[in-house]
Amino acid sequence: MVQYGFIAMFSIALPIAPFLAMINNLFELRTDAMKLLFEFRRPIGELAYTLGIWEKIFDALSKIAILTNILYLLITCDLISKLFYIYIQDDISLKNYLNYTLSYLYLNDLDDENEIFQGNQLNITYCRYRDFRYDYGRLSVL
């Protein structure tokens, strides 16, 4: 159950994990077969019609895995920020979306002269990076 939970919830983060789990299960199957052959000769089988309480646990774990994968996709993709841009700017075409997502680093704000020297050599006053540190209204300053 623990292995199923890890694979179901986090396989989107590490796509090779189900393959590694399969190799682990094959290895475990062979070692359990060796135990049955040499250590426990005659196991007593019991008839069961359902999984019992484990069925509810696996059902809950599957629902949690679905929510985890959805949240992972929402956090790592730009869907939320694009929807927020459409809502704030009322622009479905996403024409200025890239400008909206980039922030400014003004080289004059840096304290170290060596860091500023490289920017002054190229006559650069600011650089852009992906973040929402400054609001969109600051673009009018440039």
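## Basis of the model

Residues are numbered from 1 along the chain as its sequence is written. In this predicted model, local features need pLDDT of at least 70, side-chain atom pairs count only at pLDDT 80 or more, totals for chains, interfaces and linings use all residues, and side-chain values use heavy atoms, with hydrogens and water left out.

## Overall fold

The chain has six helices and two strands. Helices (H or I, at least four residues) and strands (E, at least two) are DSSP runs, numbered from the N terminus. Along the sequence the pattern reads α-α-α-α-α-β-α-β.

The chain has 142 residues, and 13% of them count as buried. Buried means under 20% relative accessible area, exposed over 50%, and partly exposed in between (1.4 Å probe, protein chains only). The accessible surface comes to about 12,000 Å², by the Shrake-Rupley method with a 1.4 Å probe; for residues, only the protein chains shown count as cover. Carbon and sulfur atoms hold 63% of that surface.

Contacts are heavy atoms within 4.5 Å. Of those with a separation of 6 or more, 58% join residues 24 or more positions apart.

## Annotated spans

An unreviewed UniProt entry annotates residues 6-27 and 64-88 as "transmembrane region". Such annotations may be inferred rather than shown by experiment; positions follow the numbering used here, and feature names are shortened.

Residues 6-27 are 73% helix and 0% strand, with end C-alpha atoms 18 Å apart. Residues 64-88 are 92% helix and 0% strand, and their end C-alpha atoms lie 32 Å apart.

## A nonpolar patch

Met1, Val2, Phe6, Phe10, Leu51, Ile53, Trp54 and Ile57 make a nonpolar surface patch of about 800 Å². Helix H1 (2-10) and helix H3 (53-76) each give two or more residues to the patch. Trp54 sits in helix H3. Its relative accessibility is 42%, so Trp54 counts as partly exposed. Nonpolar side chains (Val, Leu, Ile, Met, Phe, Trp, Tyr) are joined within 5 Å, like charges within 9 Å.

## Aromatic pairs

Rings of Phe, Tyr and Trp (its six-membered ring) pair if their centres lie within 6.5 Å; planes under 30 degrees apart are stacked, over 60 edge-to-face, the rest tilted. The count is three aromatic pairs. One of them joins Tyr4 and Phe58: centres 5.4 Å apart, planes at 70°, so edge-to-face. Tyr4 lies in helix H1 and Phe58 in helix H3, so this pair ties together parts 54 residues apart in sequence. Tyr4 is partly exposed at 36%, and Phe58 is partly exposed at 27%.

Phe6 and Phe10 also pair, with centres 6.3 Å apart and planes at 35°, so this pair is tilted. Phe6 and Phe10 are four residues apart in helix H1, about one helical turn.

Terms used:
Patch = residues over 30% accessible without salt bridge, like charges linked within 9 Å, V, L, I, M, F, W, Y side chains within 5 Å. Salt bridge = Lys/Arg side-chain N within 4 Å of Asp/Glu carboxyl O.
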